[in-house]
Amino acid sequence: MILRLDNVSKSYGALKVTDNVTVAVPRGEALGIIGPNGAGKSTLFNLITGNVLPNEGRIEFLGRDVTRAPAMERVRMGVGRSFQIPQPFEGLTVFENLLTAAAFGRGGREADMVDACAHILDETELLKKANVVAGTLSLLDRKRLELARALATGPELLLLDEIAGGLTEGECKALVATIRAIHARSTTIIWIEHVLHALNSVVERLLVLDFGRVIGIGAPDEIMASREVREIYLGLEV
Amino acid sequence: MYKLTTRTRAGTATAIAVLVLILAGLALPAVASRGAIQDLFFILTMLTLAQLWNLLAGYGGLVSVGQQAFVGIGAYAMFAGVILLGWNPVWAILLGGLAALVLAIPTAFFAFRLQGAYFAIGTWVIAEVTRLLIAQWKTLGGGTGTSLPREATSNILGTDLIRALFGVREAAARDILAYWLALLLVVVVTGGIYWLQRSRLGLALAAVRDNVEAARSVGVDAGRLKWAVFLIAAVATGLTGALIFLQTARISPDAAFAVTDWTAYVIFIVVIGGIGTIEGPIVGVIVFFVLRSALADYGSWYLMTLGLIAIAVMLFAPKGLWGLISARSGLHLFPVRRRLAGPKIEGGN
């Protein structure tokens with residue numbers, strides 16, 4: 001297993017945003033996470049990346065207990081993430097955004113990272129805009145940059161937070177093709193997404209969260225057919 | 001196949017021009033009047049303070065209003081080294097840097113728990129507390145201050161050589177020495193900041209400035225970086241403070257810890273010139289010096305005019321005068337941009 005969460009809980013005062021979550025992710029899997037707004041999806045990401053520490057439970061990454069490890073350490077171990085709302089380094093160019101991620105995420109000299117960054121820019125269709133200041137990018141390019149910057153850290157586990165949100169059908173298709181190619185290289189992916197057709201075309205399993213609890217996990221077809229999921233997430237009366 | 005480039009023609013031309021200016025600056029005391037040397041000393045020390053505040057606020061996102069604490073403690077440590085330990089004033093300047101470092105560690109410990117405006121106010125409060133504590137130090141004159149002893153000022157390292165070289169009196173030789181040291185300090189500080197920006201840490205600083213959370217998500221240790229920037233700025237500010245008061249040879253808590261002289265004017269210089277660039281403080285200090293010379297006789301109107309100009313620049317040219325020049329001309333005298341060169345890449349930014 002690349003990632004294992006055992007009975008992980010997180011509360012803010014009386015509000016329990018992650019409730020006794022237990023899940024194991026095998027190396028090379030693509031796992032989708034769905035759930036209504038406020039279900040605790042992004043908090044679960046923050047717990048995995050170390051941006052938020054749990055009140056209870058244990059988190060293992062690559063067989064090592066990282067429950068209390070700071071976010072920077074987890075990045076260097078191979079946890080890469082994108083943000084739901086793109087957060088580029090706006091004053092830096094697209095290339096400099098990646099160079100920063102590569103130099104600090106992987107640890108190394110800038111000059112040694114140039115080809116790797118160029119390759120990622122090519123794969124995410126940003127190579128033409130390598131020297132463009134990130135603050136001037138369109139939404140699609142900002143989403144691409146989120147993905148590219150996370151890849152530049154050299155992740156073994158890639159966490160994608162609603163990366164297809166707000167894109168047109170055509171833009172979404174192009175992005176999904178890129179994610180599929182990344183996954184084909186056996187990068188483990190955990191992907192939060194509301195654009196279900198995009199998500200289901202990539203992931204092998206779906207995990208459903210509601211009020212911080214896991215209410216279902218399994219193959220996408222089984223999950224989408226589940227009565228509880230359809231009621232809670234899709235709002236359908238069955 | 002792909003290459004990283006930072007070099008530009010303007011950058012190479014600037015490097016040559018800077019080298020020529022440094023050599024000319026070293027030779028200047030041979031032809032310049034004592035008044036001109038004193039003016040240049042003022043410009044160089046203010047430029048050093050401005051570059052350091054720019055490092056804190058423009059690159060590190062740390063808007064401190066308490067840098068006068070390090071000017072003051074550096075100056076007082078230099079006086080203590082001379083008066084209490086009998087050190088030569090030139091060596092005692094180093095004590096100023098050390099004292100600023102010692103003060104900066106607890107200051108950062110408390111101030112880093114505050115954010116934004118609270119951080120600014122916190123640093124100011126710490127500077128005021130330091131001023132009040134120093135005013136209790138009776139051996140160094142308490143609240144009224146003291147002067148460097150005659151035997152110390154007449155025996156400053158290197159002044160004999162300067163007197164023999166230029167045929168000047170003792171006080172003028174002290175001014176020349178202070179001017180050369182100020183030139184050395186501004187070159188080291190500006191060169192150091194430029195080197196920092198072109199190093200791996202420069203990318204990290206820019207990332208933290210733009211978005212701390214995202215910087216952490218790619219492995220940048222934002223906390224350690226802020227500590228490093230704060231301590232470096234404090235040490236160099238302490239050295240500058242010691243040098244400023246070596247030249248005046250007289251100190252008092254009010255003068256050494258003056259928020260207007262060592263922080264407000266410095267912020268003005270950076271804001272007017274352009275925050276977050278090396279060129280900005282250089283432009284800013286020239287504008288400040290011209291305004292100061294032109295308006296010196298107008299009392300409080302001088303300060304009000306500076307305030308109005310600062311407000312106008314913040315509203316209409318938030319990137320300062322250098323920002324305007326750079327936007328129109330595309331000129332970067334100290335290029336820090338890493339450009340990717342290779343196939344399929346568009347040129348512009």
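1. The expected span of a helix is taken as 1.5 Å times one less than its number of residues, and helices here are DSSP runs of H or I with at least four residues, strands being runs of E with at least two, each numbered from the N terminus. For helix 11 of chain B, with 27 residues, the expectation is 39 Å, and the end C-alpha atoms lie 39 Å apart, which agrees. Just after this helix, B:Ala249 adopts a positive phi of about 65°.

2. This is a predicted model, in which local features need pLDDT of at least 70 and side-chain atom pairs count only at pLDDT 80 or more, while totals for chains, interfaces and linings use all residues. Residues are numbered from 1 along each chain as its sequence is written, and chains are lettered from A and ligands numbered from 1 in the order in which they are written.

3. In chain B, helix 2 (residues 34–59) packs with helix 11 (residues 222–248) at an angle of about 165°, their axes being 9 Å apart; axes are lines fitted to C-alpha atoms, for helices over the stretch in contact, and angles run from 0 to 180 degrees between N-to-C directions. That makes the two helices of chain B roughly antiparallel, a term used for angles over 145 degrees. Their crossing is left-handed, that is, the near helix is turned anticlockwise from the far one by less than a right angle.

4. Residues count as in contact if their C-beta atoms, placed from the backbone, lie within 7 Å. On the helix 2 side of this chain B packing, the contacting residues include B:Phe41, B:Leu49 and B:Leu56, and on the helix 11 side they include B:Phe230, B:Thr237 and B:Ile244. By class, the contact between helix 2 and helix 11 of chain B has 11 nonpolar, five polar and no charged residues, where Ala, Val, Leu, Ile, Met, Phe, Trp, Tyr, Cys and Pro are nonpolar, Asp, Glu, Lys and Arg are charged, and the others, Gly among them, are polar.

5. Between the chains, the contact takes 35 residues from chain A and 30 residues from chain B. On the chain A side, the largest share, eight residues, comes from helix 3 of chain A, and the residues of that side divide into 18 nonpolar, eight polar and nine charged.

6. Chain A also holds an open sheet of four strands in the order 2-1-4-5, with antiparallel pairing, where two strands pair if DSSP finds at least two bridges between them. Its edge strands are strand 2 (15–25) and strand 5 (64–65) of chain A. Strand 5 is joined to strand 4 (residues 56–61) of chain A by two bridges, and A:Glu60 has A:Asp65 as its bridge partner.

Conventions:
Angles under 35 degrees count as roughly parallel, over 145 as roughly antiparallel, 65 to 115 as roughly perpendicular and the rest as oblique. Two residues are in contact if their C-beta atoms, placed from the backbone, lie within 7 Å.
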